[in-house]
Amino acid sequence: MTHHFGVLIPSTNTTVEIEYNRLLPPTLQAHVGRLLTSGAGPFAPSKDEDVDYQARLLGTSKVEVISLAQTSASLFADDYDTVTTQRMSKAAGVPAITSAQAIGQAVRALGARSIALVSPYSQPVIERAKHYYESKYGLKVLALEGFAAADSYMIGKLGPENARDAFARIHRPEIEVLVVPGGNFPTMSFVPAWERDFGKPVVTTNQAALWAMMGIMGVSDPLPRLGRLLEEMPKR
């Protein structure tokens, strides 16, 4: 059976479509809508009217669920996830989730509480990510490191060595999961190698969003070679 899901991405994102189209089996079909920024900074939320319009268009393609792959947007207001997923769901007529929520749920589903955050974001943004996951999901952020990317274009050009080198600098035994927020940072195909190198799960934006959407769609078939989260498919 083929399942169709919708993903909203910033208009500058050049990674989500590539990762999903290249790495997923034909039974999982991604459909994408693009969003303009609200103009309040490089990692600010997208325009509300674009979210509503693109979610409504995705709904006409009969997707089963819709996600917002813009983790940084959820960090700017405490009620952003609640307000935005309600609007997405109303417009599309299907359940909705943000990638920030998906990451928190994925870490909890893996039975972990202590994490490290490694991200392309600037220091102020990754500090907001620390606050978000500690306050909303009860996680303990033991280490964090950002790559100080000034915009999404820089993120899309980063290589996997940026994350691996950061893991090596901050890694310690008490960290249970390595978390890599950033939907425009190409990561999914490198997760298994990182997990082998550091001996623990790695959770990334596009991987976690996919896992959460699969759970909502009732798809429990594991996806090999995409990391422990998608190979084990723990329940949300």
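User: Buried means under 20% relative accessible area, exposed over 50% and partly exposed in between (1.4 Å probe, protein chains only). Which residues of α2 are buried?

Analyst: This is a predicted model, in which local features need pLDDT of at least 70 and side-chain atom pairs count only at pLDDT 80 or more, while totals for chains, interfaces and linings use all residues. Residues are numbered from 1 along each chain as its sequence is written, and side-chain values use heavy atoms, with hydrogens and water left out. Helices (H or I, at least four residues) and strands (E, at least two) are DSSP runs numbered from the N terminus. In α2, the buried residues are Asp 50, Val 51, Gln 54, Ala 55, Leu 58 and Gly 59.

User: How far apart are the end C-alpha atoms of helix α2?

Analyst: The expected span is 1.5 Å times one less than the number of residues, so the 13 residues of helix α2 (residues 48-60) should span 18 Å.

User: Which elements do the buried residues of α2 pack against?

Analyst: Contact means heavy atoms within 4.5 Å. On that basis, the buried residues of α2 pack against β1 (3-10), β2 (28-35), β3 (66-68) and α3 (80-92).

User: How far from Ala 30 in space is Leu 210?

Analyst: Leu 210 belongs to helix α9 and counts as buried, because its relative accessibility is 0%. Beyond its neighbours within four places in sequence, Leu 210 is in contact with Phe 5, Tyr 20, Leu 24, Met 188, Leu 223 and Leu 230. Although Leu 210 and Ala 30 are 180 residues apart in sequence, their C-alpha to C-alpha distance in space is 9.6 Å.

User: Is His 3 buried or exposed?

Analyst: His 3 lies in strand β1 and, residues up to four places away in sequence not being counted, touches Thr 27, Leu 28, Gln 29, Glu 64, Met 217 and Val 219. Because its relative accessible area is 11%, His 3 is buried.
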